[in-house]
Amino acid sequence: MPDDISTDVLIVGAGPAGATTALALARRGIRPLLVGPLVPPGESHDVLLSGPAVRALTLLDAIPRLPILKIDSAELRCGDGRPRGLAVTGSAACSDGALRGGLIRAATDAGATHLNAKATEIVLLPGGTHMVELSSGVTVTARHIVMATGAPSGSPNGTAVAQRLTGVRLDESIVMRLPAPATSDPRETPVFVWVTPSSEDSVVTVGTAQLGVQDVDLMARALRDLAATDPRFHDAIPIGVPHSGPLSSTFSPEAAVVNDRLHIGDAAGLANPFTGEGIGGAVESGLLAADCIADFVDDPLSAASAYRSRLAASYVGYFETARHAARRYHLTWRVLSATADSDRPFFAKARRTVLLPEGISSLTGTERMELPSAIGAVLAPFLAACDEIGVATIRGEWPFLARLLIAADSSPHERLRPAVPFYAALAAAGRPPSPEYAALGSAIELATLGAMVFLGPGGTPTESRGVDWSSTSVVLAGDFLLAQATRLVAVHAPDIAWSFSDWLGELAALRAERLDPGSGTPAEEVFSALLEFPARIGAQLGGADSDVVETLREYGRLAGRVFLHAEDMLSLRGRPTRLDATRTALAEGRVSDIDPAMPVAGALREAQASCGRASAAALAAVVAVPDETATHILRAFITALAPAPVCC
Amino acid sequence: MILADHNERVVRRMVELANSLPVAVRPAVVELAGRPGKLLRASLVAACAAFGPGGADPGRTARLGAVVELLHLASLLHDDVIDRADIRRGVPSAHAKFGAERASLAGLACFSLAGMEAAELGAGISRAVAEAAAGLAYGEMLDVERAFDTRLSLDDYLELAQRKTGDLFQLCCVLGAAEARLVPDVARLLARFGTAFGVAFQLLDDCLDLDPDARSGKPDGNDHLLGVFGAPTLCALHRDHTGELAALLMDPALRPEDGPKVRALVIDLGGLAAARSLAEDQLATCESALTELPPGEALEGLAAYLTLLRETTCPTTSPPTS
């Protein structure tokens with residue numbers, strides 16, 4: 001029967017999500033069947049590929065086939081705030097048509113088969129095989145089905161529109177806008193506008209998206225707004241007609257597998273509800289689906305359940321608030337608008353996390369700890385467990401904050417985070433740390449994030465009626481994180497509940513002292529206390545001798561100093577800092593000890609010297625720690641924390 | 001009176017703890033601790049502890065009272081930052097005196113004091129206190145994010161009242177029950193009493209906001225200006241078929257002088273009566289818990305709280321009987 005085909009994997013839909021899955025499967029030696037109509041050549045628009053998406057496609061060797069334009073910076077404007085330049089390293093723009101065509105060719109070259117047809121009926125047969133009728137009359141039987149059919153047109157929860165313009169120059173930079181809410185109504189949903197340059201001179205694509213609306217003329221409004229506020233758009237002329245489509249941000253891990261079919265990309269509702277961006281989710285979920293299928297080729301049910309749980313772990317932060325979704329989006333939108341001009345680290349992070357296509361990959365700095373693989377192998381599961389507990393603790397009630405906790409695309413054990421010295425201190429006496437302490441590690445990290453919320457300059461009070469979102473969000477987020485952290489400790493490590501509360505009180509008092517110009521308390525005291533606690537408590541719980549506990553306390557204090565001096569160094573050099581702060585912001589927030597009036601060269605020398613002294617002392621202290629794994633981690637942490645000094 | 005002794009011990013402990021704070025965060029906390037208000041929460045701990053057969057240790061009970069009052073102080077300090085309130089307990093608020101940032105840190109210091117005191121009293125205490133604090137923080141968010149929502153459902157309102165107010169009252173009862181080592185059935189009844197009492201308290205407190213004579217030291221109609229609509233206003237909005245009240249509340253030019261007009265409209269639409277009847281539902285839950293509790297002096301003591309709540313919040317009208 002020549003018309004009947006049998007395959008391991010059938011992918012329905014040949015857009016970016018489906019083609020990426022096909023390519024990734026083919027690279028793992030599985031030859032899938034990719035079914036979907038080709039988009040007719042001609043009119044197209046450009047889409048944005050996030051840094052992680054570009055990296056993933058590079059690993060699949062697909063990038064050489066795509067006519068991409070590299071993008072390195074973004075200009076973000078929230079509400080009526082000033083435009084901010086942000087690094088979006090590794091991103092790219094590509095025409096939608098070329099992306100689809102290039103990915104399909106890459107997949108077929110790698111061994112996938114593409115059929116230019118539609119699936120008209122899919123039936124799950126008893127025994128777990130799927131039977132699929134194609135528009136070409138062919139019948140396919142498949143063990144795995146991947147649905148990459150785009151946002152369901154029946155039940156979208158918003159609209160996304162894209163349109164090309166000519167007469168606009170943007171030099172390798174994208175423009176992003178999140179206009180302020182127009183009313184006080186908490187049911188108003190955010191409208192996001194982005195503009196990306198293309199490989200054609202003076203041609204750009206404008207995209208806009210809004211949840212909760214289906215047929216408003218979003219594009220006209222976006223173009224009006226751009227023309228009114230940005231001279232670069234005065235002479236813009238639309239090319240062709242806008243491409244409009246349903247936006248689906250209705251993701252839930254449970255609904256990602258239906259009738260044993262794996263839904264990916266927009267079909268799984270994975271568009272970012274704030275920005276409408278969907279390519280990142282398409283590529284990432286496509287890769288996850290391919291991995292899960294390749295891991296369980298002979299066991300479709302296990303593949304499906306692995307896919308569901310890995311998706312749940314990756315997509316934290318946007319999708320979890322079924323009942324309160326609209327209001328929680330609105331709250332986040334209010335905060336982003338009201339704090340557009342704030343350099344407080346918490347708000348800077350929130351801007352990046354919620355709006356940038358790269359998500360949070362650059363949140364903790366690009367520096368990575370270098371560890372022997374044997375040590376990485378014991379540290380990684382512990383830190384992954386910390387992430388899991390932390391995320392599970394807050395995702396239900398405040399999902400956007402959960403995004404601040406994790407970096408979905410990087411190895412958890414390479415990031416600079418307080419749970420690292422905590423783990424090393426637990427190991428200091430020579431006993432491998434019990435996994436049960438991950439809950440405490442997570443509490444320490446939630447509390448550190450909460451403490452960071454209270455750092456930095458307060459908002460400028462608003463005079464009009466209504467809520468002062470800047471001060472309010474500091475209190476709300478700080479209280480929420482610290483309460484959850486305290487709860488984790490009370491449940492999982494009641495023996496240190498007192499010390500934990502004492503630590504929070506100490507941080508509050510040190511910060512308050514620091515605000516008083518007459519107190520003489522240096523800013524580094526706050527940071528010393530921040531890292532002293534994880535090192536001290538870890539050493540105590542790990543059963544270290546009292547002199548080793550004392551050594552680790554000192555190490556923690558010094559590590560806090562290294563962190564602060566590193567902030568100074570990076571900000572003085574105009575580099576992105578781990579707190580996303582500038583020199584001015586650090587000074588105004590009384591976060592730094594550097595005299596804001598001091599010339600840069602001298603200030604940098606001073607910061608480098610302080611940083612060098614603190615890191616040398618920390619490295620020297622480590623010698624007194626008996627366990628080799630612990631000393632390795634403690635050294636690597638300091639080395640990665642301290643930026644290399646610049647030579648004169 | 002025994003209750004007066006208890007409250008006195010609570011205040012002494014609170015002031016003692018507040019004075020142990022580093023000087024940078026001390027003044028705001030000491031000031032509030034020294035003006036303790038009615039100590040409703042701390043006294044509820046003692047009222048529940050009284051259900052124990054042999055009574056409870058007065059020293060520990062007072063320290064538990066200090067824990068709940070400190071948690072309450074922490075939330076007051078932070079609420080004043082959120083509401084930009086100038087007055088608290090009749091005097092300038094910490095927010096007005098020290099600014100938003102220092103007031104926030106003082107609140108955090110208070111939270112930490114409550115946590116340390118709870119930890120000294122036992123692991124179970126720490127856990128109960130932390131659970132309630134988490135509920136409180138979430139309730140705080142629910143309360144803010146619904147600002148200007150003229151269509152907030154009553155279910156959503158009750159959820160936020162339960163988190164924001166009910167969880168802390170429930171904690172008082174749970175701590176009292178734990179201290180008196182009551183059997184689980186009795187402890188559960190007291191917890192149920194506490195939650196409903198807290199929600200009723202919040203509903204009736206919202207009703208008081210509509211009575212300008214009953215409120216001293218609180219700026220008139222501030223909540224309406226902030227877009228935070230209390231139960232009577234929400235109930236009135238549900239009956240506001242012409243949209244007049246919604247339009248008035250959403251008017252960007254709404255001023256404090258418009259307070260009487262808003263109030264009159266809310267009352268005309270039956271909002272106040274509806275909110276009082278919601279409170280009565282909660283008080284009925286409290287009463288049904290009381291009928292199942294063992295009779296005696298302790299029960300009478302607890303029942304007195306319902307009378308007290310009705311008396312202090314419905315000064316002029318008798319509550320509807322439905």
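A salt bridge here is a side-chain nitrogen of Lys or Arg within 4 Å of a carboxyl oxygen of Asp or Glu. By that rule, 2 salt bridges cross the interface of chain B and chain A. The model is a predicted one.

**The interface of chain B and chain A**
- On the chain B side, 52 residues are in contact with 51 residues of chain A.
- The two chains bury about 4500 Å² between them. Carbon and sulfur atoms account for 63% of that area.
- Several helices of chain B each supply at least two residues to the side that touches chain A, including H4 (58-83), H6 (100-121) and H8 (154-179).
- H7(B) gives the largest share of that side, 14 residues.
- By residue type, the chain B side divides into 30 nonpolar, 7 polar and 15 charged residues.

**Chain A overall**
- Chain A has 648 residues, and 61% of them are buried.
- Its secondary structure comprises 19 helices and 16 strands.
- Consider contacts in chain A between residues at least 6 apart in sequence: 73% of them join residues at least 24 apart.

**Helix H18 of chain A**
- H18 spans residues 600-622, a run of 23 residues.
- From first C-alpha to last, H18(A) reaches 32 Å, close to the 33 Å expected at 1.5 Å a residue.
- Its buried residues include A:Ala603, A:Leu604, A:Ala607, A:Gln608, A:Cys611, A:Ala614, A:Ser615 and A:Ala618.
- An α-helix has 3.6 residues a turn, so residues three or four places apart point the same way.
- Among the elements covering the buried residues of H18(A) are helices H16 (546-572), H17 (583-588) and H19 (628-641) of chain A.

**B:Gln282**
- B:Gln282 sits in helix H14 (residues 271-292) of chain B.
- Its relative accessible area is 18%. The cut-off for buried is under 20%, so B:Gln282 counts as buried.
- Leaving out residues up to four places away in sequence, B:Gln282 touches B:Leu158, B:Ala196, B:Val199, B:Ala200 and B:Leu203.

Key
Residues are numbered from 1 along each chain as its sequence is written. Chains are lettered from A and ligands numbered from 1 in the order in which they are written. This is a predicted model: local features need pLDDT of at least 70, side-chain atom pairs count only at pLDDT 80 or more; totals for chains, interfaces and linings use all residues. Side-chain values use heavy atoms; hydrogens and water are left out. Contact means heavy atoms within 4.5 Å. Buried area is the accessible area (1.4 Å probe) that two parts lose on being put together, summed over both. Helices (H or I, at least four residues) and strands (E, at least two) are DSSP runs, numbered from the N terminus. Ala, Val, Leu, Ile, Met, Phe, Trp, Tyr, Cys and Pro count as nonpolar, Asp, Glu, Lys and Arg as charged, and the others, Gly among them, as polar. The expected span of a helix is 1.5 Å times one less than its number of residues. Buried means under 20% relative accessible area, exposed over 50%, partly exposed in between (1.4 Å probe, protein chains only).
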